[in-house]
Amino acid sequence: MNMKDLVALGDRLLDIDEAKFRQVVGLLEQMGDHPDIRQTISAIRPRLVELRPNRQPTLKRLFCNPFEDLFEALGRADPMPLNVIERSLMNGLWPLVEAQIGNERLGRYRAALQDGPERWALTHAFWADCATAVSAIADGEVPGLRMTPARMRALADIAIILSIAPEVAELKAALAPRPVPKLHADHIEAIEAIGRRVSRNRPAALKNFIILAASRLTDPSVLLGGLWDMDLGQKSTDRAALFMALSGTVVAQIEDRSRAFQSASGAGTDRMAVADLALHLVASLDATRAAMEHSRNKEFDQRLKEVRNSVHGMVRTQVLQDADSGIIAALGALEGGAEERAHLRRAENQARALRKCATFADSLGLRGELRAMTQKATASLTEKAQQALSGPAGNARTGYTAIRMIELIAGPAEANKIMDEIMGGSRR
Amino acid sequence: MRSLTNFAPSTFEERGAAVAFTTPVLAQTRVRKDSRDQLEVLVPNLSEGRGVYVVPWKSLPLAFPMTVHDRMLHDLIARADGCSPDNIRKAVLEAARCGLAGADAVTAAEAALRDDDEQRLLINYQLIVEALKAVGLESTDILRAGLGSDEGQRLTRDLMTRAAQRLSLEPTELYGRIAELAVLMEPIGLASSPRPARLRRLMRDLLGFRDSMTDWATDNVSEAAPIGVFCAEVAEHTVNHARNVMGQLDQAMAAFEMLLRQWETKRPQIRKAASRLSWLLDGWEYLILLWGDAVAQDRHTQDMAVHDIFRVIPLLPKDEGRNDQAMLADKLTTSQRRSVRAYVDWRSGQLDVDLVMRIETIKGKAA
């Protein structure tokens, strides 16, 4: 297979079987660094992340290793890092680093890619060289790279992270496999021990170190909760400053996430996706608010209140509003037979989204509205079920589907009660 | 409550037949008859503890909050004639068809019932052909005239009358034997069949499951890997037993003339083998689909799926296997303790709707 054929495969590589996929990745790697290959690799990256095939070690990959957790998330469910670094920036940055370090020195570092007695010493030296190179690049003119404030910040972050790369490697080993859903005592102990070393040698890098630790968690705000009690060897004023800096980043991220569905119109949105997002946002808000108890900060309080209001609005307009009419309409489609499955799936999604709201409605002050909508939908569905199951000309399938919708919205106890009432207790 | 080892069933009837409930804690639990011929259900690993709870069938809705679909299935099974895997399957398809487990389950149930009908027609025709072949008569004319046509049916009647004469049987007796065989062999089909029947397909899928699980567990450092190895071994033993039984049935069908002539001796053997095969493979379809679904997902989901499979894996009864699988399973559970993971939504303590949805998705794929 030649390169043209491989590149032409593009998105289709996402669907081929696993063994073939690994084979194709191997072939792509052998073809070297080429823009077309890079494009194909980015197209298949979600699957690469999922399967993690053993990729050929390269110096570029080794260079990215310490800060790779800060690359933008690929899947919707993946945790979003607090300080995102653009993955595509690497294609422009790495040649500059190569040029800065020089081919001769880079050649000596190639041994770091293989197992051997000098591997770790060489790797550490390589990262130190890269840190100096990136600092120099960030300080000077950057030819060939379109610089934005975000990129300037990313370059500064990369230089700092590379300077503490050995500690980052230790941290990654302690917080593995990523994402870590809950911080256990051994995790906290490791973060503290390594963090103390960072704070002693390079105090300015501690914030980046903590952000990297947060990026290895399912929800970064979880670290915020534990941070106040962590002993990172700082003075109390420094600790408060670090806490505030991280809080600011966490709050900014929650604000960003809450904007995801703000622009979407109510009718076409995936109500279940909105409910899922709201659920995660409420969990983050609760965790952040609990962590902030230590340092009451009016500005953050205000920002969190605004996020809560926007999530409240989002759930009200995009999940609760008109939820019943969509569900009832799907039952109508069942009788007509048109696009039956797609309608039903959408309606089931709406019903499930409504039920999911029950888990966070109290936190958002939406309990009353949710109850009203649930009762309204249940009443309409009960009427439909009654007509279909007890009337002589009823369609039993419609009746049972209405009961199923009630079950998805209000739970099995309520649905069973209604079913018993309709069947007149003849079920048992 | 008794431990898994004490509880190890001796026969398939004691093990019970798996029921495709959608309530997570009850998914694939087994139903059987107690000493007073009353139905009872076996619920394993309740709240991740050891052992099996035995609950009278009537009390099940009181003991566990169930989905509406499961309540209907519960009623249908209570009203059914027995609790063999075939009886349970009939009830499961009937419950799925009404729509309480979602549109996909309706489609799958209807497809399965359609497939049953087609298999019934196919096996009837194949058995007639076998009967004619056994006495040296040609059946191609029937096919040419069309099995459903008047001409085809007349030809079939004539040829079958001649076949009955050669076998020294009344034609009605020959028809009766073939009809009975068709009922027994419907889920198994003939080895020469162009379309493998349900249990043959299931056996092939079980082989695939064993291979996939073995591949997954090899070089896997997760805590679930030894459980995966165990599941693959149980699948392997089951396939070996099923292969033996299938071999006996295929042999009996290959010597069709002898089968028809020695009907009184052979009939109980065929009946027993067919029933044993459906008991052997009972409960595997859901597990195969569950694993097929998990294999394409992340490591954590795969680990959880292996634990779920282990919870309800159909161990061979003591009388069937040389190895005491229940004892091996019990040994594994002592070394594999997990943190509490009840089958409810951890936020509300209510039925985990997402988990029900997952089971329904698998139900939608079941044929």
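Two residues are in contact if their C-beta atoms, placed from the backbone, lie within 7 Å. The structure is a predicted model, in which local features need pLDDT of at least 70, side-chain atom pairs count only at pLDDT 80 or more, and totals for chains, interfaces and linings use all residues. Residues are numbered from 1 along each chain as its sequence is written, and chains are lettered from A in the order in which they are written.

**Exercise 1.** Determine which residues Ala278(A) touches, not counting residues up to four places away in sequence.

*Solution.* Step 1: under this exclusion, the residues touched by Ala278(A) are Val311(A), Met314(A), Val315(A) and Phe360(A). Step 2: Ala278(A) is also among the residues that touch the most other members of the largest nonpolar core, which has 194 residues. Such a core is a set of buried Ala, Val, Leu, Ile, Met, Phe, Trp, Tyr and Cys residues joined through C-beta atoms within 7 Å; buried means that 20 or more other C-beta atoms lie within 10 Å of the residue's own. Step 3: the core lies between domain 2 (59-218) and domain 3 (322-423) of chain A, because both give residues to it.

**Exercise 2.** State the strand order of the open four-stranded sheet in chain B.

*Solution.* Step 1: the order is 1-2-3-4, with antiparallel pairing; pairing requires at least two DSSP bridges between two strands, and a strand is a DSSP run (E, at least two residues). Step 2: strand 1 (17-18) and strand 4 (52-56) each have a single partner strand, so one side of each lacks a neighbour in the sheet. Step 3: strand 2 (residues 30-33) and strand 3 (residues 39-44) pair over four bridges, and Arg32(B) has Glu40(B) as its bridge partner in strand 3.

Conventions
A residue is buried if 20 or more other C-beta atoms lie within 10 Å of its own, exposed if 12 or fewer, and partly exposed in between; C-beta atoms are placed from the backbone. Domain bounds come from an automatic or database domain assignment.
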